[in-house]
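User: I am new to this structure and would like to learn how to read it. Could you take me through some features one at a time?

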Amino acid sequence: MGLISSLSNAVSGLRTSQDSISILSRNVANAGTPGYHRQTLNVVDYSSANSSYARTVGINRAFNQSLQTYYNRQVSDASSAAVTGDYLNKLQGFLGKPGSSGSLDTMFGSFRNSLQALATSPDDYPARANVVAEAQAMAQRLNMLSGMVQELRQETETQITNNVTEVNAMLVSLNEVNNRLLDLGMTDTARAALLDQRDRLVAGVAGIIDVQADYRANGTVSLMTRSGVGLIDNGVSTFQFTSAGALSPSALADKNSADSRVGTLQLVTPSGLTIDLVRQGVLQGGELAGLVELRDRTLVEAQNQLDEIAAALASAFSTITTPGSAASDGSGRTGLVSDISHLQPGNDVSLTYTVNGAEQRVRIVHSTDGEDFIDSSGQRVISVDLSDAGAAAAILNAKLPGLEITSPGAGQLQVLDDGTGGIRDVTGLTSRGTAGGMQTGELAMALFVDQSGTPFTGNRNTNPPQILGFAARITINPAVLSDNRLLVQYDIDHTLGDAARPEYVLKQLSSMNFVSGTTPAANAGRHPLNGNVEQLIGQVLNYQGTTIGSALSQRDDRLLTLDTITSQMETEYGVNMDEEMARLTELQSAYAANARIVAVVKELLDTLFRST
């Protein structure tokens, strides 16, 4: 090898070492930079008959497409689980743990104890005042919890608005990065930096909405949702969110856009096509999916359960239970007759009969919606307008074959069996109405009322149904607040020493059972509740506790999985300072060796030139 060849080889070595040191220094400087991918110099050795030398042909950037794809998916799933867990953790703080101070079960127990004390001493003013105070506390607690649930729903809409603004900005930035990556004259260093920015933006978008990324050979990327809706390719799609304003318990999502009362989340494609992301089921991950699920289902279920508790509490106090009287038609058919003239929309009649000894239960609800279904307790529910007893009897007679259902008089409903030797026997016919006044001779009383002192009847024919949002509106009857003697006096000038009314209420609280839901459509996807007031409260707290605990566990699991994949990415993409320092030592030695060769060649050339 001649001197010139040796000099050329040494100079190429110096240049390669210098470039490698430059890459190494960049790695060290960005060792803690999020999203930075370790870089290495691509060195190629060239050999010929007379010499061999090295030259650089670009930068290698650490990247694993399958690992990156898995990471993006985990980011979406973890973001959805995290936002759900965070909101439900707030809800848990509002509800309190069962048995803790301020929780519904503790407050109800205290309220029931005050009623028991009143039943023992009905003429004691402090006992009556304590019942009113406990009732107010119970109603106010339901009001507050309902308000908190709606605040959380409102927060989801605010966060959706922020997420839409953020994801639109990231998509625009990602599109700009794609366009810049198409520049073939760009330096390798600049391209590597752009690729880091690309991956950060894709992960950011994945945190808001689930994405599938297609990494192309030229460095650009296209994005679509897991359901196949394009986000960025030959153009940029734009998210749009139209808020519904303040949300109330009656502001619910509906498949029919005209009936929906919540904000609308849409995606507008570059071609101008508008897609409703919620109604068309596009969202499968990311914060947006978690926020929509919270707003439209999870928190709505919590509100519904609070409404069920409020409705049961009001009904237990105000329901007038009247068993039917014996009846027959003189031809061997026997049964019961009930007065239904006092029933209001939402009130009902409970019918029980046996078929070959097997009990059948039917609940006949005073309603005009015509919805018939089987509730979560297994009881058949028939909706019929009871304002016209004759017309109602004709409808019921057709729906309950084998029984003879008639209206023997105005406002009367009579149910008879199939006669002597038949297989059907009527065992119960009880009307359940709502007390209107406080001193009408009825032991039932409307202690808990709706707005403007309206008694709660459970009317399903109003828009919205009366039960919807009742927890936010439940209050104490103003008449009782003005005169707590009404807790005892069920008739004018009745003695204060009679415990009949508080005893009746206590019996209703323990024996009157309630079943959640109203119609099949309203019941779909809901957790069924069935029991007395205390049992409903326990079921709600247990359900919410289980749901919240499950959400928090899922959040922790998802975040742990994300941490694991992030650690794997740091191992594969990140900068190892020990390795870089060892590499620096090698490069320094190589640089010094090449520099020494240059110096020796220079000395030899100087000697050669002096001798000529």
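Analyst: Gladly! Keep in mind that this is a predicted model. Let us start with a loop: N356 sits between β12 (348–355) and β13 (358–366).

User: Is N356 buried or exposed?

Analyst: The residue counts as exposed because its relative accessibility is 61%, and the cut-off for exposed is over 50%. S452 gives you another case to read: its phi is positive, about 60°, although S452 is not a glycine. You will find S452 in the loop between β19 and α8. With a relative accessible area of 82%, S452 is exposed too.

User: Where is the cis peptide bond?

Analyst: Look at N463 and P464, which are joined by a cis peptide bond with omega of about 0°. P464 belongs to the loop between β19 (448–449) and α8 (470–473).

User: Now the strands, please. How do strands of a sheet pair?

Analyst: In general, strands of a sheet pair through backbone hydrogen bonds, and the pairing is either parallel or antiparallel. Here, an open sheet of 3 strands runs in the order β6-β7-β8, and its pairing is antiparallel.

User: Which strands stand at the edges of that sheet?

Analyst: Those are β6 (238–242) and β8 (274–276). Each has a single partner strand, so one side of each is left without a neighbour in the sheet. On average, neighbouring strands of this sheet are turned by 30° against each other, direction ignored.

User: Over how many bridges do β6 and β7 pair?

Analyst: β6 pairs with β7 (residues 264–268) over 5 bridges, in the antiparallel sense. To find your place there, note that T238 stands opposite V268 in β7. Helix α4 (residues 125–181) packs on the sheet and touches β6 and β7. The direction of α4 makes about 160° with that of β6.

User: Which strands form a hairpin?

Analyst: β10 and β11 do, with 5 residues between them. In the turn, G330 has a positive phi of about 85°. β10 (residues 325–328) and β11 (residues 334–339) pair over 4 bridges in the antiparallel sense, and A326 stands opposite L336 in β11.

User: Last topic: pockets. What shows where empty space is left?

Analyst: The general idea is to roll a probe the size of a water molecule over the atoms, which shows where empty space is left. In this model, the second largest pocket holds about 850 Å³ of space.

User: How many residues line the second largest pocket, and which lie nearest its centre?

Analyst: The lining has 37 residues, and D348, R432, M512, N513 and F514 lie nearest the centre of this pocket. By class, 9 of the lining residues are nonpolar, 20 polar and 8 charged.

User: Which element gives the most to the lining of that pocket?

Analyst: That is α6, with 5 residues. Elements that each supply at least two lining residues include α6 (286–318), β9 (319–323), β18 (424–434) and α10 (500–511). β12 and β13, where we began, are also among them.

Technical notes. Residues are numbered from 1 along each chain as its sequence is written. This is a predicted model: local features need pLDDT of at least 70, side-chain atom pairs count only at pLDDT 80 or more; totals for chains, interfaces and linings use all residues. Side-chain values use heavy atoms; hydrogens and water are left out. Two strands pair if DSSP finds at least two bridges between them. Axes are lines fitted to C-alpha atoms, for helices over the stretch in contact, and angles run from 0 to 180 degrees between N-to-C directions. Contact means heavy atoms within 4.5 Å. Buried means under 20% relative accessible area, exposed over 50%, partly exposed in between (1.4 Å probe, protein chains only). On a 1 Å grid over the protein atoms alone, a cavity is a set of points where a 1.4 Å probe fits but cannot get out, and a pocket is an open set with protein on both sides within 12 Å along at least five of seven lines; lining residues have an atom within 4 Å of a point. Grid points are joined across faces, edges and corners, and a volume is the space filled by probe spheres set on the points. Ala, Val, Leu, Ile, Met, Phe, Trp, Tyr, Cys and Pro count as nonpolar, Asp, Glu, Lys and Arg as charged, and the others, Gly among them, as polar.
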